[in-house]
Amino acid sequence: MQITHLPGRGLVAAVISSIGIRHGGAHAFVTDGLYLVLRRALRNPADDLAMRYRTGLDADVHARVLATPGALELILRTAVQLRALADETPVGRLVRLTVACQGGRRRSAAAAETVSRLVWEAWDRQYGVDIEHHHVDHPVLTSSTPV
């Protein structure tokens, strides 16, 4: 697992996780909060051999994910929903978002990072945000890889 921490002057207020739903046990990471599945919503950069073994944390892969038609709108709506959930959550309690794609390496990682930064900046960096990438460092899945 790889973690990104966006610091705030206050407590960590949000935890955003990226997962690959085809990895065993992945659904255990889906607890409370919002759940966004990108499997069909965004084109998979892994279809491009130059990006197959890279992740959504790499600038060019991240840009490719965000350039997918509809990606920015979906990510912006998700950030608004997460902020709305946070507004209704008592101070000191975490809000959570889990972003899923097939392997958890590209689409979900890029979207989780982008949503996190949008929310963090909307909060004027007052509250911390943790981004947990559960499968970004796992092996690339192929269509023949068992679920």
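Q: How much space lies in the second largest pocket?
A: In this predicted model, the second largest pocket holds about 200 Å³ of space.

Q: Which residues lie nearest the centre of the second largest pocket?
A: A pocket may be described through the residues that line it. Here the lining comprises 13 residues, and those nearest the centre are Asn44, Ala46, Arg106, Leu141 and Thr142. By class, this second lining has 3 nonpolar, 5 polar and 5 charged residues.

Q: What is the volume of the largest pocket?
A: The volume of the largest pocket is about 250 Å³. Its lining also numbers 13 residues, with Ala13, Ala86, Thr89, Val91 and Tyr127 the closest to the centre.

Q: At what angle do the axes of helix α1 and helix α3 cross?
A: A pair of helices may be described by the distance and the angle between their axes. For α1 (residues 59-67) and α3 (residues 107-122), the axes come within 9 Å and cross at roughly 85 degrees. Because angles of 65 to 115 degrees count as roughly perpendicular, α1 is roughly perpendicular to α3.

Q: Which residues in α1 and α3 meet?
A: From α1, His62, Val65 and Leu66 meet Arg107, Ala110, Glu113 and Thr114 of α3. The residues of this contact comprise 3 nonpolar, 2 polar and 2 charged.

Methods
Residues numbered from 1 in each chain as written. Predicted model: local features only at pLDDT ≥ 70, side-chain atom pairs only at ≥ 80, totals over all residues. Heavy atoms only, no water. 1 Å grid on protein atoms, 1.4 Å probe; cavity = no way out; pocket = protein on both sides within 12 Å on 5 of 7 lines; lining within 4 Å. Points joined across faces, edges and corners; volume = space filled by probe spheres on them. Nonpolar A, V, L, I, M, F, W, Y, C, P; charged D, E, K, R; others polar. Axes fitted to C-alpha atoms, helices over the stretch in contact; angles between N-to-C directions. Helix = DSSP H or I, 4+ residues; strand = E, 2+ residues; numbered from the N terminus. Parallel < 35°, antiparallel > 145°, perpendicular 65-115°, else oblique. Contact = heavy atoms within 4.5 Å.
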